[in-house]
Amino acid sequence: MPIDEKTRDSYFSWKPEEDPEFAPMIYGRGTIGGKGRSLLFAIRMLRECGDAHLSRVCLPESIYFSTEMFHRFIESVPSLEGLISADDPNALERAFLLTPLPGEVTQAIKKFLSNINDPVVVRSSSMLEDSVKYSFAGKYLSTFFGNNTGGVDERTARVESEIKKIYARIYFPQAVSYKKRHGLGDDEMGIIVMRITGRWCGSFYYPTLGGVGYSKNYRRWTTRVRQEDGVLRLVFGLATMSTKRGYARTVSLTNPTLRPEGQNPDKVAFHAQEKFHVISWSNPDELTVVDVNKNWRQLLDNHADYEAFAQLYHREFESDMFMSVPKNMKVMSPDSKICFTFENFPKKYPKFFERMKMMLDLLENSMGVPADIEYAGEPADEQLYLIQSRPLWNNDCQENIIPPLEGKHVLLQADRMVTHGAAEHIKVIVYVDHHLYYTSPNFYTVARRLGEVNSALAGEPYILVSPGRIGSSNPELGVPVQYDEITNCCCIVELGLPRFGYMPELSYGTHFFSDLEVDNVLYMPVFDGEGRNIYDREWFKDAGWEQGPDPSIRIYRGDFSAYMDSQANRGVIIENISS
């Protein structure tokens, strides 16, 4: 048996309930589910690695409920089979909320909350979330709870309600359809109740730094970056900002000053984070989005090291530049804005990236597969918390599969961040016209109409070509389609159109990209006007198309093929023309 398989078997056979440090955190017999078990395994490996910096990586205060508690609960739900067969998620959730949890769960939550008044998160940890191959990212539920009002009984009841909602999600359409599509059986649910990593800064609670990391870089933006270098997405504030298709700083762990967007100040400013997630004292049970340009005193007053993260972008007379944010700034110029560029972070905290690289390599070697983590921390105090750790799935194949293109009609060509694989003789391209999308106020309507096209093409694979970031939570960055609305799509092409403000982005860590990986959906970004990129706009203008259910959606029929080589960082979409 190859060593990686032995290592993988050791990883999956490890039982946290038998670990003296972790056993007191676990309630119920049996497994605590994939998310919980993988996190505790990672912490155990870090504790025992012998490196002083890695052994100090922290586990947030947390408790874990096993799948035994889930089974005891659902056995007590009246008429459960009828509720499931009725296919009414709201009715099912109402029934779950009216059903009491096992008494041990209530007592464990009360004990935990009696010592914690900081915000907490209630997270799913199902059996199937412990898969090397399948991603359940976003299929269940994680709920943020302010935990700052009411007595311990009231706060306990609130956490109990959130646990019941997570239990109900096992039977919701999103999870059911995902399991059906991949031929998976029934799932079982464990639960994590965890203190949110962070601190109160005025009326906002958040960590200074959060993000996701990978021990392998499968979306290289240049051949100067290697797959084995590993990659991070960093955000200021809660790491939740990094799991959406929004703004984050992407960093190669061996060359943290190299930017995917280049060094042009205008492009850096365009891609830089300007808003961050917090828990607000006045609205504690939901994530609050803070705009740093409206709340810049929050940054200056609460972060002595703010220059490691933020810069002042200034544009005047068609020239643009970055400068330091003055500590004594009284008012901001209308031609300026604050951006979280992390430009000075590698100089201020050079050991941070070394530590992250060592941790990701250790976890990969310990699991026998590439590692995928979520983290948070306070760099000024050298505090680093591991929030999640799991295997990273990638169907990586390195042979060159792009055929000779002489005499071929290339419709689209990319030179970075491509996946690896081929999709030949695809009969349909679904295209979103950027002019019409840009001028339409009905962004979400366009997304729903794409879902209708997807349903109409049931069983027929297609290539989706659309401006900006497909699946973005911000519709001004790209069509906010849900992944289950493009289930027949075999290849995604994101068009970068700077004049319209549409730019693809290296969205590591997002639920959207996790699903692409698992389903082997090919992906490539095309940057219009850049060398080695091709966007044949004349073909899309002149070729015959069918009008889709929205004016911005066109359907082209023909014979098309997609070829992508991740090692060479090249991808093409060609039209197969009969001779």
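## Surroundings of E162

In this predicted model, E162 is in contact (heavy atoms within 4.5 Å) with V122 and T143, leaving aside its neighbours within four places in sequence. E162 lies in helix α8, residues 152-169, where helices are DSSP runs of H or I of at least four residues, numbered from the N terminus. E162 is buried, with a relative accessible area of 4%; buried means under 20% relative accessible area, computed with a 1.4 Å probe on protein chains only. F145 is 17 residues from E162 in sequence, and their C-alpha atoms are 9.0 Å apart in space.

Residues are numbered from 1 along each chain as its sequence is written. Because the model is predicted, local features need pLDDT of at least 70 and side-chain atom pairs count only at pLDDT 80 or more, while totals for chains, interfaces and linings use all residues, and side-chain values use heavy atoms, with hydrogens and water left out.

## Nonpolar cores

A nonpolar core is a set of buried Ala, Val, Leu, Ile, Met, Phe, Trp, Tyr and Cys residues joined through side-chain atoms within 4.5 Å. The largest has 69 residues, and L234, I338, F345, F352 and M359 are those with the most contacts inside it. Not counting residues up to four places away in sequence, F345 touches several residues, including L209, L234, F352 and P379. A second, separate core of 35 residues includes F73, F96, A108 and F112.

## Helix α2

Of the 15 residues of α2, 13 are buried, so this helix is largely enclosed by the rest of the structure. Just after α2, G50 takes a positive phi of about 90°.

Key. Helix = DSSP H or I, 4+ residues; strand = E, 2+ residues; numbered from the N terminus. Buried < 20%, exposed > 50% of the residue type's maximum accessible area, 1.4 Å probe, protein only.
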